[in-house]
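Here is a friendly briefing to read alongside your viewer. Please load the chain and keep it in view as you go through the points.

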Amino acid sequence: PQQVALVRGIPLVSDPEVEVNAFAGCNEQGQPFLATTQGLIETVDAITQTQATDQIFGTRTFDTYASTIIPAMVKTKGARGKLPQGLIAQQYQDDPRRLSLARELFGEVLAFTMGHELAHHYLGHTGCANGQGGGDLNPAILGHIATNLIPVLNQPNELGADSAGMIDVLKAGKARQTTSYRWTERGAQTLLDFFARLEQAAGGNPNLLLTVLRSHPNPGFRIPMVQRTAADWRARNPG
């Protein structure tokens, strides 16, 4: 309840930037906000559509997507992660099982992403979330805010937000569980695996790393951490 009181009413803003990112911050008036980029939404959609296809039909569309998109994303500024037309075979496109699973996976990945960002606010990392909600924010100035006004979130803070966000996902998953799907750590692993592939493709060159990779711990370290968090939470909350 104390955390809810701190973050109730914080607006979620859509940033038109095509780079894959999400962030929590404070505007120039000291009001809190959350933001996702268009690039993040497009990429998560592509990842979850291809993974749902593979799970239902035994295909390898995610690997094809990753091998096509990731080299372009680390080498070409402005390269998008959206699903290439025709990548998913026509006979699978409208299958209701695929669409249903893709929707669940999409929600699960974004739940972890925004749970992480929301945690930055209620854990006090941004310093501006005090239950006051948020104000109007022009998406066009988000880049300026991200570069100049958002405090540098150090590595311990990032790992703390991972842990808190993961617990939020697990609690929400238990509360909203349907007969066919329950949110777990899978969404976090899915996103972090994609980031790990991006980092590997960059080959250690800092000039090729996306902003989200430069500002967060190595994805290879974050994956086992969220797995441990989930296992510990599940042990304390059976059922």
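In this predicted model, helix α2 passes helix α8 in a right-handed crossing, where right-handed means that the near helix is turned clockwise from the far one by less than a right angle, and left-handed means anticlockwise. Helices here are DSSP runs of H or I with at least four residues, strands are runs of E with at least two, and both are numbered from the N terminus. Residues are numbered from 1 along each chain as its sequence is written. Local features need pLDDT of at least 70 and side-chain atom pairs pLDDT 80 or more, while totals for chains, interfaces and linings use all residues, and side-chain values use heavy atoms, without hydrogens and water.

**α2 with α8**

- Helix α8 covers residues 186-202, and its axis lies 11 Å from that of α2 at an angle of about 110 degrees; axes are lines fitted to C-alpha atoms over the stretch in contact, and angles run from 0 to 180 degrees between N-to-C directions.
- The two helices, α2 and α8, are therefore roughly perpendicular, given that 65 to 115 degrees counts as roughly perpendicular, under 35 as roughly parallel, over 145 as roughly antiparallel and the rest as oblique.
- On the α2 side the contact (heavy atoms within 4.5 Å) is made by Thr-43, Val-44, Ile-47, Gln-51 and Gln-55, and on the α8 side by Arg-186, Thr-190, Leu-191 and Phe-194.
- These residues divide into four nonpolar, four polar and one charged; Ala, Val, Leu, Ile, Met, Phe, Trp, Tyr, Cys and Pro count as nonpolar, Asp, Glu, Lys and Arg as charged, and the others, Gly among them, as polar.

**α2 with α5**

- Helix α2 (residues 38-57) packs on helix α5 (residues 96-122) with the axes 8 Å apart and an angle of about 135 degrees.
- That angle makes α2 and α5 oblique to each other, and their crossing is right-handed.
- Among the residues in this contact are Leu-40, Ile-41, Val-44 and Ile-56 of α2, along with Leu-101, Leu-105, Phe-106 and Val-109 of α5.
- By class, the α2 and α5 contact residues come to twelve nonpolar, six polar and three charged.

**α2 with α3**

- Helix α3 (residues 61-75) packs against α2 at about 155 degrees, with the axes 8 Å apart.
- The pair α2 and α3 is therefore roughly antiparallel.
- From α2, Thr-43, Ala-46, Ile-47, Thr-50, Gln-51, Thr-53 and Asp-54 meet Thr-61, Phe-62, Tyr-65 and Met-73 of α3.
- This contact of α2 with α3 has five nonpolar, five polar and one charged residue.

- Thr-36 sits in strand β3 (residues 32-37) and is buried, at a relative accessible area of 8%; buried means under 20%, exposed over 50% and partly exposed in between, with a 1.4 Å probe and protein chains only.
- Beyond its neighbours within four places in sequence, Thr-36 contacts Leu-12, Val-13, Ser-14, Asp-15, Asn-21, Ala-22, Ile-41 and Met-114.
- Glu-17 belongs to the loop between β1 (12-15) and β2 (22-26) and is partly exposed, with 39% relative accessibility.
- Not counting residues up to four places away in sequence, Glu-17 touches Thr-37, Gln-38 and Gly-39.

**The chain as a whole**

- The chain has ten helices and three strands, in the order α-β-β-β-α-α-α-α-α-α-α-α-α.
- Of its 239 residues, 47% are buried.
- Among contacts in the chain with a separation of 6 or more, 71% join residues 24 or more positions apart.
- The accessible surface is about 11,500 Å², with 52% belonging to carbon and sulfur atoms; the areas come from the Shrake-Rupley method with a 1.4 Å probe.
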